[in-house]
Amino acid sequence: MLAKRIIPCLDVTAGRVVKGTNFVDLRDAGDPVEIARRYDEQGADEVTFLDITASSDQRDLILHIIEDCARQVFIPLTVGGGVRKVEDVRRLLNAGADKVSINTAAVNNPDLVAEASAKVGSQCIVVAIDAKQVAPGKWHVFTHGGRNDVGLDAVEWAKKVESLGAGEILLTSMDRDGTKNGFDLALTRAVADAVGIPVIASGGVGNLDHLADGVSQGRADAVLAASIFHFGEYTVRQAKEHMAARGIEVRL
Amino acid sequence: MAIAVIDYGMGNLRSVYQALAHVAGDKEVLVTSDPAVVQKAERVVFPGQGAMPDCMAELEARGLRPAVLEAAANKPFLGICIGLQMLFEHSEEGNVPGLGVFKGNVQRFPEARMVAADGSRLKVPHMGWNQVWQKPHPLWDGIADGARFYFVHSYCVQPEDESLVTGSCEYGVPFTCAVGRANIFAVQCHPEKSARDGLRLLQNFVSWQP
């Protein structure tokens, strides 16, 4: 049976991991490649880098990181952040990324999703959706870290990007992100049931039950988390063992 | 003596190159679209991603068909993903002929059977880590039966000859995910993205003396 995936996510700015980690035995807690290697050793199913570099002159640093990472880490690697053109997608893939995640640019220019997936294949294109509840059972797509309501229904937008050729959806609840209160399960389920492509749940993980709930109640195909892994609260392996104990198929 | 990774312009071969280079020891790994380099290579890797009609068209456009067929006939040859599918006679995807090295077709996961045990819909593409059940073959050496490999695909091969099957998998339906005959081994999954077990498979290929 196909395993549900656990994906640690690293925020990277100007070539360094933002929050750092407290893996005690890491030589360099800010080195994204070393942290990715550690997650690989713990059994992570994929690794996602989110490049939040603000200044454009430092943005190419992510390419070197991906190149290094691709030489040492042999699991799928997704990169997102600042992707605006098909050329950006191509450069990231050529550096060694397996999938590229498109967020704001997809909202501003939906044709980018169609164009990119036609050029490089749907399997390489992830559309990231940041969603926030606007009424009971209703969510809108937001940009700018949850500040701008772009007026799109999140479930409808998910269906739309699927029809444009997205291969996967990375769904983040902006209400839950950073709260450690668990995924927005109603949102996750609404999107996961509406589309025929895999959905990665994100935003709000504070403990291992949250990860399992994302799959069992949210019906996500994969779960993404950052802080619970970075700060050494749990290893990826512990997360998988916990999910397995809750009857979820995982790669151990 | 080099290991040639055949590049026909479809997608990114960096992952395949990196993983092979990681296990190849002092053997050289060359990503090439030059038939002469393929001809001279000691062993050949035939990868592929995207849609099979595009892959076949690009392969023809670069004049690589004879070199691929020759390699498949006489030296250690590893097909990966679409590189497995192209070895068969025909694909439902775009209704195109393949290379016809093996008898059989490539078919899409049957929509009607894409239902999980809990009644939920199984998504296509089949993406993620699934268990591979082996038939004895030297390329599985050191890899546990049922080990998980990384898959991304919507179509599967259906060999006419059961004895070709060296690995099977299950996603809504049981399907063939590895085939082998003489000097050829080909897998639907991506060993270059399948962590330790994937590297082991590539390492086994690098030292394989069929």
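## A loop alanine in chain A

Ala14(A) lies in the loop between strand S1 (5-13) and strand S2 (16-17) of chain A; helices (H or I, at least four residues) and strands (E, at least two) are DSSP runs, numbered from the N terminus. Phi of Ala14(A) is positive, near 45 degrees, in a residue other than glycine. Ala14(A) counts as partly exposed because it has 15 C-beta neighbours inside 10 Å. A residue is buried if 20 or more other C-beta atoms lie within 10 Å of its own, exposed if 12 or fewer, and partly exposed in between, with C-beta atoms placed from the backbone.

This is a predicted model, in which local features need pLDDT of at least 70, side-chain atom pairs count only at pLDDT 80 or more, and totals for chains, interfaces and linings use all residues. Residues are numbered from 1 along each chain as its sequence is written, while chains are lettered from A and ligands numbered from 1 in the order in which they are written.

Helix H5 (residues 111-120) of chain A has Leu112(A), Val113(A), Ala116(A), Ser117(A) and Val120(A) as buried residues. Seen down the axis of H5(A), these buried residues fall within an arc of 120 degrees, so they line one face of the helix; the arc is that of the directions from the helix axis to the C-beta atoms. They pack against helix H3 (86-95), strand S5 (99-102), helix H4 (104-108), strand S6 (125-135) and helix H6 (154-164) of chain A. Gly121(A), with a positive phi near 100 degrees, follows H5(A).

Cys124(A) sits in the loop between H5 and S6 of chain A. Cys124(A) counts as buried because it has 25 C-beta neighbours inside 10 Å. Its contacts, not counting residues up to four places away in sequence, are Leu93(A), Asp98(A), Lys99(A), Val100(A) and Gly167(A); two residues are in contact if their C-beta atoms, placed from the backbone, lie within 7 Å. Cys124(A) and Lys99(A) are 25 residues apart along the chain, and their C-alpha atoms are separated by 4.1 Å.

## Nonpolar core

The largest nonpolar core has 156 residues. Such a core is a set of buried Ala, Val, Leu, Ile, Met, Phe, Trp, Tyr and Cys residues joined through C-beta atoms within 7 Å. The residues with the most contacts inside this core are Val100(A), Val127(A), Ile169(A) and Val191(A).

Ile169(A) touches Val127(A), Ile129(A), Ala158(A), Val161(A), Val191(A), Val195(A), Ile197(A), Val199(A) and Ile200(A), leaving aside residues up to four places away in sequence.

## Packing of H6 and H7 in chain A

H6(A) and helix H7 (residues 185-194) of chain A pack at an angle of about 30 degrees, with their axes 9 Å apart. Axes are lines fitted to C-alpha atoms, for helices over the stretch in contact, and angles run from 0 to 180 degrees between N-to-C directions. From H6(A), the contact takes in Ala154(A), Val155(A), Ala158(A) and Lys159(A), and from H7(A), Leu187(A), Ala190(A), Val191(A) and Ala194(A). The residues of this contact divide into seven nonpolar, no polar and one charged. Ala, Val, Leu, Ile, Met, Phe, Trp, Tyr, Cys and Pro count as nonpolar, Asp, Glu, Lys and Arg as charged, and the others, Gly among them, as polar.

## Contact between the chains

In chain B, 28 residues are in contact with 25 residues of chain A. H1, strand S8 (126-131), strand S10 (148-153), strand S12 (165-171) and helix H6 (195-207) of chain B each supply at least two residues of the side that touches chain A. S8(B) gives the most to that side, with five residues. The residues on that side of chain B divide into 10 nonpolar, 11 polar and seven charged.

Helix H1 (residues 14-23) of chain B is mostly covered, with seven of its 10 residues buried. These are Arg14(B), Ser15(B), Val16(B), Tyr17(B), Ala19(B), Leu20(B) and Val23(B). Gly25(B), whose phi is positive, near 60 degrees, follows H1(B).

## Other local features of chain B

A cis peptide bond, with omega about 15 degrees, joins Val124(B) and Pro125(B). Pro125(B) is in the loop between strand S7 (104-108) and S8 of chain B. Asn95(B), in the loop between strand S5 (90-91) and strand S6 (96-97) of chain B, has a positive phi of about 50 degrees although it is not a glycine. Asn95(B) counts as exposed because it has 8 C-beta neighbours inside 10 Å.
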